[in-house]
Structure formats: structure tokens, C-alpha cells
Amino acid sequence: MSAPVLNYSLLAPILIILGGALLGVLVEAFISKALRATLQLGIALGSVVLSFAWLWKVHNESSISAAVKSVAMDPAGIYIQGIILILAFIAILLIADQDNFTAQASALPGSEEESVAIAEGKQQTEVFPLTLFAIAGMMLFPIATDLITLFVALEVLSLPLYLMAGLSRRRRLLSQEAALKYFLLGAFSSAIFLFGVAFLYGYSGSLNFNEIAASISASGNNSVFLYIGIIFISVGLLFKVGAVPFHSWTPDVYQGAPTPITGFMAACTKVAAFGATLRLFYVALDSVDGTWKPIITAIAMITMVIGSIAAMTQRDIKRALAYSSIAHAGFLLIGVVALSQAGLASSLFYFLAYGLATLGAFAVITIVRDSSGEVTDLNRWVGLGKKSPLIAAIFSIFLLSFGGIPLTAGFVGKFAIFSAAYQTGNMAIVVVAALASAIALFFYLRIVLMIWFAEPTNDSVTVVIPSFLTRTAIFVTVAATLIFGVIPAPLLDSAKNFAVFLR
Amino acid sequence: MSILTTIELLPLVGVLALIFTPKAQSKLIKQLAVAVSLITLAISVVMALRFKSGTTGFQFVESHPWISSFGINYAVGVDGIALVLILLTTILVPIVLVAGWNESEGGRFSVKTFYILILISETMMVGVFAATDVFLFYVIFEAMLIPVYLLIGGYGRGDRAAAALKFLLYSLFGGLLMLAALIGTYIIATNQIGGTFDLTKLATLTIDKPTQNWLFLGFFIAFAIKAPLWPLHTWLPKAAKSATPGTSILLLGVMDKVGTYGMIRFCMTLFPDATKTFTPAIITLSVISVLYGAFLAIGQKDINSLIAFTSISHFGVITLGIFAMTSQGLSGATFYMLNHGFSTAALFMTAGWMVYRRKSSQIEDFGGLQRVTPVLAWSFFIAGLSALALPGLSSFISEFLVLVGTFTRYPVAAILSTFAIILAALYVLIAVQKSLHGEVKPGNESLTDLGLREKIAIAPVIAIIVLLGFYPKPVLDIINPASGVVMQHAGAVDPVAKAGK
């Protein structure tokens, strides 16, 4: 048996990230603490940039046999990887602010060990290699074309995230609780996913997307095995994207995790998971769309509506944004059920528009603080516009973009994805989406209102002056949100050109 | 770059200049803003003079690709209807700035922000009337809400935050419906002639009836919220009560006209069949608006709410004129849009000065102003007369045209609406009597009359009201060809009076 032939050039973007992660582990073990943080940051940013540069170099190539037919480096896959890298870069800028992370993850909350570690500045920086591992998994997830690779990628991206969710310096118990919940539910959903994989394999005799598609068209689509397989795999994926009714982990985890990690999860994980979902349904299961379309349509509808309604009742800004991200998952599912090139293209645009605004919004949350850390209680955000008009204005722009107000990127994304759904004649989902948007708008505007038009209470909440990296992240995301809102044409065109899944 | 784009961009240039002016120089900021708005006015007058009133179709057109993958263009152009409304905008903005010289002070945000917001609004108001690409129109239609929201919430009185939110939510809800209809229209265009948002191209589509009805409703509800038509009007009195006079003038005088303008430009042009289907219902709602607004106006104690309810009544008249589907009705409605702009401006301006002096907006707190502040009292009186459409003032001609136009097709609606004229006399004269005549109420003795600045602001408005009342021909000459085109496109023919009538 000969060794498999690998196209290293096409796989290099992922390999670079993995290499950076391994290097990070070594640095964590052997380099003195004075240098460690800077070096880790350099490695993380460096490998993301290098990976992106390589991706740029190969962006016109494509192959479905880069790794023995288990991954497809096709235009859409490359585009999604690019988006993940861009968002990850910004997320790392936020993660670089080590003040959000516990000094020693192993120290018990409230223990002597913990306070000594903080006092002596023994900051561990394992979060950087963990991030890189997660990014590698995220990059593999949307290009995987066989079910085992898909599962491996899912685990590679999830395992670091479980750890990262528990790293918060303040309110550590909440953070650890979040990590445990995320882990348990994630493990559960992985198991369900694997169950579905087994059924699909049993039905088609293959793990490869194309071969599954071939056996579906060859043998008709009335097999119980096929249905069970589809349903269980969908549950696993819908769990990752945070769609109702598999969303209940989202608010707890988003609230408990350190805010930069929340931003990273909300932006990058969602993009990766939707990338994989799109590929599975567009490539492997497109000929049985009569089976899954009604289900996913229904899920998209309830996700949009419940996400928007639940967001309104939240008192914690991170929980509220978690529900808002659930609502956005619903909007993105519209792109999945559209099952058309326009659906894919609009999803690609939406990924970037949503991801940038999400990272920006969470970046702002990291700098609204009082003496004991971040202030996430919405009632204490009242009157922020008076304390810091600039930051309040920027945060409002992110909210308006979430809400889809014209001249922001969020509007163009919404417009594109609604058009795609309309084009396939799916009127019901467009109507529900418009109504859900109205509800969501109410929620976003209420926050804008609180920030600007309510009298500030005599409170110790301040907007701290952000570090250079955080500032960069905030300005880049807000500028991009506005630019892609006013001049979306280049990005839309490129998304259109790249919206191709190879078989 | 066409003259239209220049008019759109000029206020933005002013915004740039304001951004670099130090915050403390509030006088300089005000002068700068007024100067910019005057230059904009001058150029728009030049455009009006160069406008060829005999010809139909859009003039001063310009088009650049904007989002090519959806066939969206930056496309602008004006016909008579749009031209008149753009002029209304550019005339009112400098007047608002001069009249409300001190409005920007004591707000939640700085003086500078106020003028930046007003100038941004001016750009958007001109842009919304100039847009011939439906997507461009929609974007401005929605984006325009944000500066107004900030103006109401930031500089208003009383429960301003709630009023601002209510305004925004109503408008955005309508906007979402319109967005759905807009996408629907676009998809139909994609299937028939290729994806485009060009108004003239979209007008050639053949859309089946049920679809047309839905799309029509999507657009119409958005516009009916904007141009407050009963029962979608409830945001307006609240907003008018809380906003500063200047904001109210721009909101009711210009921006709400986008609603009625949209009905003409989009509902009737794009969906002629659906327009016919819904006309009876809309006529009914209009008549209800006319009477409801007038009745409620009689009972108002707050002077700004009074003006708001009269506006609801007048918007009813405008919608009535539009959907009467006669060329007189439509011309009258368009002319009324202009006249209502000026008469509301005069009302809000004078009422604003009264409120500013008396520190109260309750009508019963005024009284005897005729003796204390004669110029102010006369101005308010003339503004009131214009609101009740006194012959000789411009509103009369437009109201008359609308009623005549309606009568030929819907006599009952026309007769019912005529009652509103009587009611109008009632609510205006009651307010005039209570606030201007009678004994000088305590607290009013030492009120000062209008200063030079205020006289400069009110004079042109009154001049226009009177001038157009006696000699409306120039404006009607501009409007008539355009409304003829709209009627022709909507497939409506003026009914001919039967023999013996």
C-alpha cells in the first residue's frame, strides 16, 4: 500500500496554522514568562497572516483530491477559509488583552494559588495555541468532504473552545460552569452527529459526500436510514450554529466565556459551522432536498423568531447578543434552504458582515468596565453616550448593522439573503424573516435608546481607554461595517465569483 | 456630475466643514450651516429655472453603477413632482435654521451635532425625491430616519426618547414591509427583463394580479405610515409634541411628503392594477383621516398636537387627491404637498416662538398675544388661515383642485371631505381666539415681539403662501405634465361629465 498523495500547497494554509499552534505549545513550555506573551501573540498573528497570504496565492487553484478526496479546496471553501482567517485575526487582537484571562487555568477559583499567580504576574498564555488549534479545525470544517474528516474537524475546533470558555479571570465560577455546559452538550451533540454518520454510511456504503450523493440518486431516496442519518447529522451541525431548539447552550456559554473568546466563538465558529452545513446540504444531500428543506425551513423560522423575542427579555448584554446571534443563525439558515448559487453567495457576504459586527460589538463590551471588571448588566449601560460618545456611537453602528439598517453591511447581507430566498419562491420564509427583523430591530433600538437618551445613573461604569490592539480591532470592524454598507459591490462580486462548491 | 448630485452633495460638504469647526464656536457653526443651506437653495433655484416645464420624463438624469451584482445604480433625475418637492426642501432648510437659531442649545448633544444632523437630513431629503432607482430610494428612505430620530431624542422636549423610539419603530416596520415588496419586485424583474431597480424599466413589468396586490400593499403601508394615514398615524402627534419646531417642520413639512410622493411615484407607477383594486379602500381611509384629524384637532390643548392633527387631516386630503385618479386630483394633491409644507412650516415656526417665549405649549396659557406681540400674532393668524385653506392663500387652490378632482369620481367622499373645511375653520379660529385675542393672560404681559431674525424667517414663507394663492400658474405648469404622465401610466382617464350635468 503506497502512501497517500497530498497536495501540500493547497493544504498549506491549514498546516501553517497547525504548525503555529505546535510552536506555541513549545513556547509555552520552554520560554521564560517575560517574553512569552509577546512571542505567543507574534506567532499567532504571524501564522494567521502567513496562512492568509498562502491562501491568497492559491486562491485560483482548486482541487477535490488535495487530500485523498477527503477535503475540497474549491472557491467557496477558500473564500470561507479567508473569512475565518480575517475574523480570527481580529479576534486574536482582542485575545491579546490578557487582562481578561485567568493567570493560571489550573488554579482553583478563589484559591491562594490563584491570587499568588495574579500577584506575581504568572500569566499563562496557552490561550494562543488553543486559538490556533481551533482556527485550524474551523478551516478544515467547511472544506471537509467526507464524514470522518468532518467529524475530526468538528472535534479539533470544539475541544480548544471548551477549554477557552473556562479561562475568564473574573467571575471564574460562571466561566467554568459555561465551559462544562458547553463541553457536556457539545459531547452529546458530537455523539448524535456520529450516530447520523453511521446511518448515512450504512445507507450509502461510503463516507464521501459525492458518493453519498451518487448513491442517493441511484437508489431513490425513500430509505429510513437516509432520513435518520440526515436528521442526526443536522442536529449535530445545528447545535454548533446555535439554531433553535439546539441553542440553549449559547446564552450561558456566551455569558460565561471571556468576552474576546465569546467574540471569537460567535464570529468564527458560526462561519465555520455554516460553511460545513452549506457544503453538506449543497453537495451531498441536494437531491433529497424535499426531505430536509421543510425541516430546515421550519427551524430557520423558529430560530429567527425565538432568537429575536428572547433577546428582548435579556438584562445582560452578552446574553442579549447571544440571542441575537441565534437570530442571525436563523437568517443564515435561509441561505441554506435557498439551495442556489445566490443563496451561497449571499451567505458568504453575510458571514463577513455579521462576523465583523459581532467581533466589534464584543470588543466594545471588553472596554466598558467598573472596578471589578466588565459591566455586562444592560441597566448600567444607560447613558453611555454621555460618558463616551465615540464608543457609544460605534456600538450603535454595530447594533444598527445587526438590525439591518441601510448603509451598513448588515443591511446588504440581509438584502442579499432575502433576495436569494425570494428567488427560490420561498415566500413564507421571507415574510417570517421580515417580521423577525422587525422584532429584532426593536431590541437593538432599545439598547441604542438606553445608551443615548437615558440619563446616566451615578455609577462607576467607565469606558477604559482601549489598548492599541483592541482599538485597532474596533476601528477596523466599524470601518468595514460602514464601507461594506456603502460600497458593497466589490465584496458582493467576489462572493458571487467564489460561490462554487466543487463536486 | 449633474446639478442634482451637486445639490445633494453640498450639504455634505457643509457637514465636513462643520466637523472641523471647533465645538465652542457655536455662532460660526450656525452661520456656516445657514450659508451652506443658502448656497444649496440658490443652486436648486438655478435648476428649477433650467427645468423645461413642457416636457415629460425625467430631467437632469445621471446614473452610475453602484452594486452591479444586483443591478443597482446611483440613478437620479427629476420630473415636475420631484422638482417641486426638492425646492420645498431647499427653501425650508435655511428658514428652519434661521427661525430656530437657539433650538440647538440645551440639547443632549452639542450645537454642532444639531447642524450636522440637519444638513445630513437635507442631503437625504433631496436624494430621496431625486432617486429614480428604487433601491437607492429605499436606502435613503430608511437611513433618513436616523438623523431625525437623533434630532427628536436629542433636542426635543418632554418625553422625547419615547417619542423618538415610537417614530422610529413605526417607520422601520413599514420599511421592512417595503423591503420585502422591493425584493419581490426585483425578483420579478430578474425573471422578465434582468435584475434592475430602474424605475422606468420596472414600470414595464407585467405582474399578475395577486402578486401585484401584495407588492402594492408592502409599499403602500410603508408610505401610509410615513404620510400618516389613519389608523397608522399614532406616532405623529407624539413626535410633533416632543420635537423642536425646526425638526417638526422638516418632519411634517418635508419627510412625511415622501410617503405621499412614494404613493404617486411607486405604488401607482409600478402596480397600476393593484392601485385600482385598492382605491376604494384607500379613499375610505383618506376620508376617515380627513375627518378624524379635524375632529381631534378641535379638542387639542397642546398647540403642537393641534398642528399635528391638522396635518393628519391634510394628509388625508392629499391621499384622497392622489387616489381619486383624476388629473386635477393628482395635480391638486401634489400642489397641496408643497403648500402644506409651507403652511405647516409657518404654523410650527410661529407656535414655536410662542412656546419659546411663554415656556408653555398649552393653548390656554396664551391669550391676548395680539396686544402684546402683534407681529407674532399676525404671523400665527396668517399661518392659521393658510391651514384652513382660506381663498387667496395657496392651500385653497390645492384643496379646491383635490375636491373637484375627487367629486367627478367619488362625490360622496368629496362631500364628506368638504365638511373638513368647516371643521378646519373651527379648530383654527378657536385656537386663534384663545391664544391671540381676549384679555392678556397673566404671565404674558412682558412677552417680546418678533425680532429681526424671526421676521426674516417668517417673511418668505408668508410671501410664498400669498403669492401662490394668487398666482399658482408657474408651479402648476411644472406639476401638470408630470401628473399627466402618472395618470396615463396608471391607465386612468378623467371622467367626462355626462350631458346635462
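**Core, interface and local packing**

Among the 404 residues of the largest nonpolar core, those that touch the most other members are Ile84(A), Leu87(A), Ala91(A), Ala136(A), Ile334(A) and Phe349(A). A nonpolar core here is a set of buried Ala, Val, Leu, Ile, Met, Phe, Trp, Tyr and Cys residues joined through C-beta atoms within 7 Å. The greatest contribution to this core, 20 residues, is made by helix 7 (residues 160-192) of chain B. The model is predicted: local features need pLDDT of at least 70 and side-chain atom pairs count only at pLDDT 80 or more, while totals for chains, interfaces and linings use all residues. Residues are numbered from 1 along each chain as its sequence is written, and chains are lettered from A and ligands numbered from 1 in the order in which they are written.

Contact means that the C-beta atoms of two residues, placed from the backbone, lie within 7 Å. Leaving aside neighbours within four places in sequence, Ile84(A) is in contact with Ile135(A), Met138(A), Met139(A), Cys268(A), Val271(A) and Ala272(A).

Between the chains, 24 residues of chain A are in contact with 24 residues of chain B. On the chain A side, helix 17 (409-423), helix 18 (427-453) and helix 20 (489-498) are the elements that give two or more residues; helices (H or I, at least four residues) and strands (E, at least two) are DSSP runs numbered from the N terminus. Helix 18 of chain A supplies the largest share, 11 residues. This side of chain A divides into 19 nonpolar, three polar and two charged residues, where Ala, Val, Leu, Ile, Met, Phe, Trp, Tyr, Cys and Pro count as nonpolar, Asp, Glu, Lys and Arg as charged, and the others, Gly among them, as polar.

In chain B, strand 1 (residues 59-67) runs antiparallel to strand 2, joined by six bridges; strands pair if DSSP finds at least two bridges between them. Pro65(B) stands opposite Asn73(B) of strand 2. Four residues lie between the strands of this hairpin, in which Gly71(B) takes a positive phi near 65°. Six of the seven residues of strand 2 (residues 72-78) of chain B are buried, so this strand is largely enclosed by the rest of the structure. A residue is buried if 20 or more other C-beta atoms lie within 10 Å of its own, exposed if 12 or fewer, and partly exposed in between, with C-beta atoms placed from the backbone.

Phe225(A) belongs to helix 9 (residues 224-241) of chain A. Phe225(A) is partly exposed, because 14 other C-beta atoms lie within 10 Å.
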